[in-house]
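Trainee: I am new to this structure. Please take me through a close look at one part of it, the helices and the ligand site.

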Amino acid sequence: MSDKKIALITGATRGIGLAIAKELASNNFIVIGTGTSDSSTNSLAKEFEQNNIDGKAYILDIKSQDSVNQLFDKIKEDYSDTPDVLVNNAGITNDNLLIRMDDSQWFDTIETNINSLYRISKVFLKPMIKKRNGRIICISSVVASTGNAGQSNYVTTKSGMIGFCKSLAKEVATRGITVNCVSPGFIETDMTNKLNDTQKDQISKNIPMSKMGNPIDIAYAVAFLASEKASYITGETINVNGGLFMQ
Ligand code: NAP
């Protein structure tokens, strides 16, 4: 067994999750990243290999308890250990005005972004409690604080995430486990590439720093929360948004 700590990052194939995986690897973690398909998971494995990253890529569908359980078993089998850090990053958007939203848009977003928190955190928390050490870091969003027209489903999940983290933080504080959120503003990834140039310009105009963020900006905040330096911070949300929303 290695003396390096293990970090599990869900949805690490691209965007923010990939940046978090790379940053945690450079902070001496073994990183385990997940993708939803063979092709995205294989390309993540290649990315790790090409960058000499100590880690592995596994398939995970966060909507399935079986898939979460299989991931847990696979990590235990391959590493004879369980993650010290869980980064709940995987998430989707499926936007529409509430009046036009269909059931699948609502329920799929809730299932992927929020029911998944219950599913995965419970499984990976158990060994953290036994070790009396652990970090759970959830990737929320600025819209949890501001609201956003067309995103009532997504905003419900991202603000729910903050409440979830505060409650869990209180439950496990005496066990050496911290639970925190990082709340990104608008970051350049596939998720925001769905926006057209006019929408992007409009968003940038409203950001005091006049630009969208980079995935690495989020990764730095996650790496801090995962580090020993953040051991007395729990139930907190770090906003990383270029000044778009200030607490
Ligand atoms: P992204 O580029 O769309 O990547 C999403 C990741 O989640 C991919 O790795 C994807 O895997 C994975 N994923 C999707 N559905 C999944 C499922 N059912 N089970 C497991 N994994 C799944 O997203 P991003 O922009 O990097 O965002 C990452 C997180 O930050 C999300 O939670 C998002 O809500 C949050 N966030 C993003 C922004 C932003 O501006 N980008 C702002 C605020 C918050 P595959 O590649 O295999 O599909």
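Mentor: Start with helix α4, residues 103-131, and its partner α6: their axes come within 9 Å and cross at roughly 15°. An angle under 35 degrees counts as roughly parallel, so α4 is roughly parallel to α6. The crossing of this pair is right-handed. Keep in mind that this is a predicted model.

Now follow α6 to the ligand. Helix α6 spans 152-172, and it supplies at least two residues of the shell around the ligand. Two other helices also supply at least two each: α1 (15-26) and α7 (190-193). Of the shell's contributors, α7 gives the most, with three residues.

Next, look at the shell itself. There are 31 residues around the ligand. They divide into 12 nonpolar, 15 polar and four charged. Five come nearest: T13, T36, S40, Y154 and T189.

In T36, a polar side-chain atom lies 2.6 Å from an oxygen atom of the ligand. In S40, an N or O atom of the side chain is 2.7 Å from a ligand oxygen. I16 uses its backbone instead: a polar backbone atom there is 2.8 Å from an oxygen atom of the ligand.

Last, consider how much of the ligand is covered. Taken alone, the ligand exposes 910 Å². The protein buries 92% of that area.

Conventions: Residues are numbered from 1 along each chain as its sequence is written. This is a predicted model: local features need pLDDT of at least 70, side-chain atom pairs count only at pLDDT 80 or more; totals for chains, interfaces and linings use all residues. Side-chain values use heavy atoms; hydrogens and water are left out. A residue is near a molecule or strand if one of its heavy atoms lies within 4 Å of it. A polar contact is a pair of N or O atoms within 3.5 Å; within protein, one must be able to donate a hydrogen and the other to accept it, and residues adjacent in sequence count only if both atoms are side-chain atoms. Accessible areas come from the Shrake-Rupley method with a 1.4 Å probe; for residues, only the protein chains shown count as cover. Helices (H or I, at least four residues) and strands (E, at least two) are DSSP runs, numbered from the N terminus. Ala, Val, Leu, Ile, Met, Phe, Trp, Tyr, Cys and Pro count as nonpolar, Asp, Glu, Lys and Arg as charged, and the others, Gly among them, as polar. Axes are lines fitted to C-alpha atoms, for helices over the stretch in contact, and angles run from 0 to 180 degrees between N-to-C directions. Angles under 35 degrees count as roughly parallel, over 145 as roughly antiparallel, 65 to 115 as roughly perpendicular and the rest as oblique. A crossing is left-handed if the near helix is turned anticlockwise from the far one by less than a right angle, and right-handed if clockwise.
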